[in-house]
Amino acid sequence: MNVSDLRIGSIGVNEGISPVEELGRVILMVGAGGHAVSLLAALKALGLSTAGSIRPGDGGSQLRPDSLPWLGDDEFLSRLDSRKFLLINGIGSVADLTLRRTVFERFRAEGFTFLSVSHPSSIVEKDVVLGEGAQVMAGVILQTGVRIGANSIVNTGAIVDHGCEIGEHVHLAPGVCLSGNVRIGHSTHVGTGATIIQGVKIGAGAVVAAGAVVTADVAPRQRVGGVPARELNNRSENEGRRSAEFAELYIDKRGA
Ligand SMILES: CC(C)(COP(=O)(O)OP(=O)(O)OC[C@H]1O[C@@H](n2cnc3c(N)ncnc32)[C@H](O)[C@@H]1OP(=O)(O)O)[C@@H](O)C(=O)NCCC(=O)NCCS
């Protein structure tokens with residue numbers, strides 16, 4: 001494989017690559033937390049801009065007011081003509097992907113289209129398939145035969161090797177490393193710096209903790225961590241802290 005054979009940086013909708021300018025539509029950011037900040041940088045690197053952000057209120061945003069104005073809430077967005085806009089899902093996640101998925105499904109059902117984005121510093125093989133709204137952040141490598149499902153995030157510096165199949169609404173956090181032919185089910189979170197060895201299957205709704213090394217299949221909704229990864233305890237006293245982190249990270253409290 002030669003670096004010059006790789007597609008570096010792209011933007012598109014669905015599984016095609018279509019320059020936004022040709023579509024003649026305005027881009028709107030949904031959400032305003034840390035992930036939205038990274039996406040804004042990716043759009044800027046691609047020479048694109050958004051008209052503003054959609055979030056419940058005009059407070060608490062991690063986006064500077066001068067970088068992205070608040071346009072309105074979900075109800076405001078619902079009243080717009082969906083054919084004139086492209087949405088970018090700026091809602092991130094630590095481990096619970098519910099809010100991100102809910103927003104995607106609601107506005108898709110209302111006729112909106114979500115933009116898929118690859119940061120220009122990412123290396124994406126020509127045959128890679130990105131679902132609608134998939135986001136490939138700075139420094140990512142997606143090798144040949146990889147498929148990324150709709151609304152999934154491949155976060156900063158992650159490596160996804162040949163033949164991996166990633167479901168919908170998945171978050172591969174920064175620095176994740178997937179060896180070849182790994183399969184990840186829908187709505188799964190793979191934590192920062194986790195490694196999954198070749199051929200492993202991760203069930204839908206699973207959580208892989210930050211720094212884990214996963215050497216065997218993980219059942220749907222199972223939470224694993226450590227080296228090698230084992231099932232984690234679920235400590236109920238941490239629920240409150242988790243909810244608080246969730247609310248703070250997402251700004252939008254609908255899913256907290
Ligand atoms: C897996 C994770 C979600 C667990 O969070 P949690 O439910 O709040 O975990 P708790 O603090 O209740 O810990 C439950 C158990 O898991 C263990 N644990 C938690 N995180 C762990 C990790 N990364 N590796 C190994 N064990 C871990 C705890 O030690 C505890 O075990 P114990 O009861 O034997 O002491 C969290 O640790 C994590 O890794 N989040 C991902 C962060 C991330 O990817 N961020 C990306 C931002 S872009």
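Of the 256 residues in this chain, 39% are buried. The model is a predicted one, and its pLDDT averages 85 over the chain, with 80% of the residues scoring at least 70. Two stretches should be read with this in mind. Over residues 1-9 the pLDDT stays under 50, and the model has 13 contacts beyond four places in sequence for them. Residues 13-19 also have a pLDDT below 50, and this stretch has 14 contacts in the model beyond near neighbours in sequence.

The secondary structure comprises five helices and 24 strands. Among contacts with a separation of 6 or more, 36% join residues 24 or more positions apart.

Six of the strands form an open sheet with parallel pairing, in the order S7-S10-S13-S16-S19-S22. Strand S7 (123-124) and strand S22 (213-214) each have a single partner strand, so they stand at the edges and one side of each is left without a neighbour in the sheet. Strands of a sheet pair through backbone hydrogen bonds, either parallel or antiparallel. One pairing within this sheet can be followed in detail. Strand S13 (residues 159-160) and strand S16 (residues 177-178) are joined in the parallel sense by two bridges, and Ile159 stands opposite Cys177 in S16.

Next comes the interior. In soluble globular proteins, nonpolar side chains tend to be buried together. Here the largest nonpolar core has 61 residues, and Met29, Leu87, Val136, Val154, Leu172 and Val208 are those with the most contacts inside it. Two or more residues come from each of strand S2 (26-30), helix H2 (34-45), strand S5 (85-89), helix H4 (98-109), strand S6 (113-118), strand S12 (153-154) and strand S21 (207-208). H2 gives the most, with five residues. Both domain 1 (7-115) and domain 2 (117-232) give residues to this core, so it lies between them.

Leaving aside residues up to four places away in sequence, Val136 touches Val117, Ser118, His119, Ser122, Val124, Leu130, Leu142 and Val154. Val154 is, like Val136, one of the residues with the most contacts inside the core.

Leu48 gives another view of the chain. Leu48 lies in the loop between H2 and strand S3 (52-54). Is this leucine, Leu48, buried or partly exposed? Leu48 has 18 other C-beta atoms within 10 Å, so it counts as partly exposed, since a buried residue needs 20 or more. Ile27 is 21 residues away from Leu48 along the chain, and their C-alpha atoms are separated by 8.7 Å.

Methods
Residues are numbered from 1 along each chain as its sequence is written. Two strands pair if DSSP finds at least two bridges between them. Helices (H or I, at least four residues) and strands (E, at least two) are DSSP runs, numbered from the N terminus. A nonpolar core is a set of buried Ala, Val, Leu, Ile, Met, Phe, Trp, Tyr and Cys residues joined through C-beta atoms within 7 Å. A residue is buried if 20 or more other C-beta atoms lie within 10 Å of its own, exposed if 12 or fewer, and partly exposed in between; C-beta atoms are placed from the backbone. Domain bounds come from an automatic or database domain assignment. Two residues are in contact if their C-beta atoms, placed from the backbone, lie within 7 Å. pLDDT is the predictor's confidence in each residue, from 0 to 100.
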